[in-house]
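Open the model in your viewer and keep the selection panel at hand.

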Amino acid sequence: MKSDEWPLYEVFIRSKSGLSHRHAGSVHAPDDQMALDHARDTYTRRSEGVSLWVVRSDQIIASDPAENSAFFEPAEDKIYRHPTFYDIPDGVENL
Amino acid sequence: MYTQGLDQAGKDRRIAAETEELLSAFQRRVDAEEKIEAKDWMPEAYRKTLIRQISQHAHSEIIGMQPEGNWLTRAPSLKRKAILLAKVQDEAGHGLYLYSAAETLGVSRDQMVADLLSGKAKYSSIFNYPTLTWADIGAIGWLVDGAAIMNQIPLCRCSYGPYARAMVRVCKEESFHQRQGFDIMNALCRGTAAQKAMAQDALNRWWWPSLMMFGPNDSESKHSAQSMAWKIKRFSNDELRQKFVDVTVQQADFLGLSVPDPDLRFDEDTGHYKFGEINWQELFDVIAGNGPCNKQRLEKRQKAHSDGAWVREAAQAYASKQSARVAA
């Protein structure tokens with residue numbers, strides 16, 4: 001294919017103040033401003049958002065799922081990081 | 001949906017052999033109702049099936065703008081026109097959600113568009129029928145979008161995450177489409193005798209093509225079994241078709257319209273409507289390119305694409321100029 005395809009942008013929407021932005025999908029656009037315009041037209045036709053982020057897809061650094069075990073395993077054997085690890089004696093309250 | 005990163009990873013992974021171990025680990029994930037995400041390992045056939053299905057689905061949304069677009073300038077009131085415009089815009093949006101879901105599998109947008117324009121890619125047979133009267137706009141919303149909802153709701157639970165998430169978004173909007181269609185039919189059926197006859201005529205012409213939208217009978221459907229095992233599909237063609245008939249016949253009764261099927265009757269034993277034999281030859285002819293509007297639909301799409309070329313070029317030229325200015 002021709003390599004002049006518009007770059008891909010990932011679209012993130014904050015649905016209302018107080019909530020985080022959440023991934024909605026992607027759009028192609030020739031520049032950042034048009035990416036925002038396209039994202040608005042494509043993903044917020046029913047007032048789904050109060051704030052939009054777009055970011056070039058090739059700028060996202062992602063972990064590799066094939067490496068998931070090596071990457072995330074170190075957290076798995078540290079169960080003492082969870083409050084449920086600890087036995088609380090009977091009679092102790094508000095802890 | 002990290003498409004461009006995926007392109008690289010996809011190529012590397014394709015070299016890796018699909019060992020028994022990898023395949024069964026994949027099937028175990030699917031069986032456990034885990035979602036498969038873009039960069040996860042997947043069998044090449046799963047990837048290909050999804051690319052085919054999602055891109056066909058996207059093309060259907062894009063071509064599907066045409067039969068309704070035909071009535072935008074002739075809608076009977078400003079209110080109907082504004083609603084129809086919003087609906088057609090939604091169809092474009094659905095096409096875009098779906099193209100972006102397909103791109104996560106490593107196929108480019110340009111490639112998909114090229115396949116549609118060259119006639120290589122398929123789209124839903126239903127959009128190759130003409131919209132002759134205003135009532136057809138009602139019938140499309142009520143029947144065609146109604147059938148689409150039956151198909152699409154289970155797809156919200158499809159094993160492939162990006163497709164499932166796109167379908168959640170589509171389904172939310174589709175319900176408006178079906179209701180606006182029913183509203184048009186209801187207004188016509190409560191109107192003059194001529195208006196009601198127009199509604200009946202539209203039902204007569206759209207009923208059978210709507211049933212065909214669910215695809216061939218289960219016994220004839222070549223992709224079904226594998227798609228069910230991969231949990232891309234949750235219900236068979238015949239199950240979904242039956243569900244559609246059961247709910248729609250009752251809505252036709254409410255409208256006071258008769259379903260154009262002499263064999264249609266309610267079966268007390270099963271609690272379902274029995275319906276007549278579908279003319280499968282008609283479906284196969286339409287899919288093969290010989291429906292009433294196949295040629296017109298494709299030509300119009302090609303013309304729209306080439307007519308829009310200057311807009312894309314202008315946007316690109318503006319972007320290049322802006323970035324040159326920033327660099328200077």
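Begin where chain B meets chain A: between them, twelve residue pairs are in polar contact, counting pairs with both residues at pLDDT 80 or more. That cut-off is there because this is a predicted model.

Next, select the elements of chain B that give two or more residues to the side touching chain A: α1 (3–15), α5 (78–103), α6 (109–117), α8 (161–189) and α14 (309–327). Which of them gives the most to that side? Colour α5(B), which contributes eight residues. If you colour by class instead, the side of chain B that touches chain A shows eight nonpolar, nine polar and ten charged residues.

Now bring in both partners. Here 27 residues of chain B are in contact with 28 residues of chain A. The two chains bury about 2400 Å² between them, and 50% of that area lies on carbon and sulfur atoms.

How many salt bridges does the rule find across this interface? There are four between chain B and chain A. For one to zoom in on, pick A:Arg45 and B:Asp90: they form a salt bridge whose closest N and O atoms are 2.9 Å apart.

Over all chains, the count of salt bridges comes to 25. For a stop within chain B, select B:Asp40 and B:Arg29, whose side chains meet in a salt bridge at 3.1 Å, N to O. B:Asp40 sits in the loop between α2 (20–31) and α3 (44–63) of chain B, while B:Arg29 belongs to helix α2 of chain B, eleven residues apart from its partner.

Our last stop is a pair of helices in chain B. Select α7 (residues 134–155) and α9 (residues 193–212) of chain B; their axes come within 9 Å and cross at roughly 35 degrees. The crossing of α7(B) past α9(B) is right-handed. Show side chains at the contact, including B:Trp134, B:Ile140, B:Trp142 and B:Leu143 of α7(B), and B:Met198, B:Leu203, B:Trp206 and B:Trp207 of α9(B). By class, the residues of this contact are 14 nonpolar, one polar and two charged.

Methods. Residues are numbered from 1 along each chain as its sequence is written. Chains are lettered from A and ligands numbered from 1 in the order in which they are written. This is a predicted model: local features need pLDDT of at least 70, side-chain atom pairs count only at pLDDT 80 or more; totals for chains, interfaces and linings use all residues. Side-chain values use heavy atoms; hydrogens and water are left out. Axes are lines fitted to C-alpha atoms, for helices over the stretch in contact, and angles run from 0 to 180 degrees between N-to-C directions. Helices (H or I, at least four residues) and strands (E, at least two) are DSSP runs, numbered from the N terminus. A crossing is left-handed if the near helix is turned anticlockwise from the far one by less than a right angle, and right-handed if clockwise. Contact means heavy atoms within 4.5 Å. Ala, Val, Leu, Ile, Met, Phe, Trp, Tyr, Cys and Pro count as nonpolar, Asp, Glu, Lys and Arg as charged, and the others, Gly among them, as polar. Buried area is the accessible area (1.4 Å probe) that two parts lose on being put together, summed over both. A polar contact is a pair of N or O atoms within 3.5 Å; within protein, one must be able to donate a hydrogen and the other to accept it, and residues adjacent in sequence count only if both atoms are side-chain atoms.
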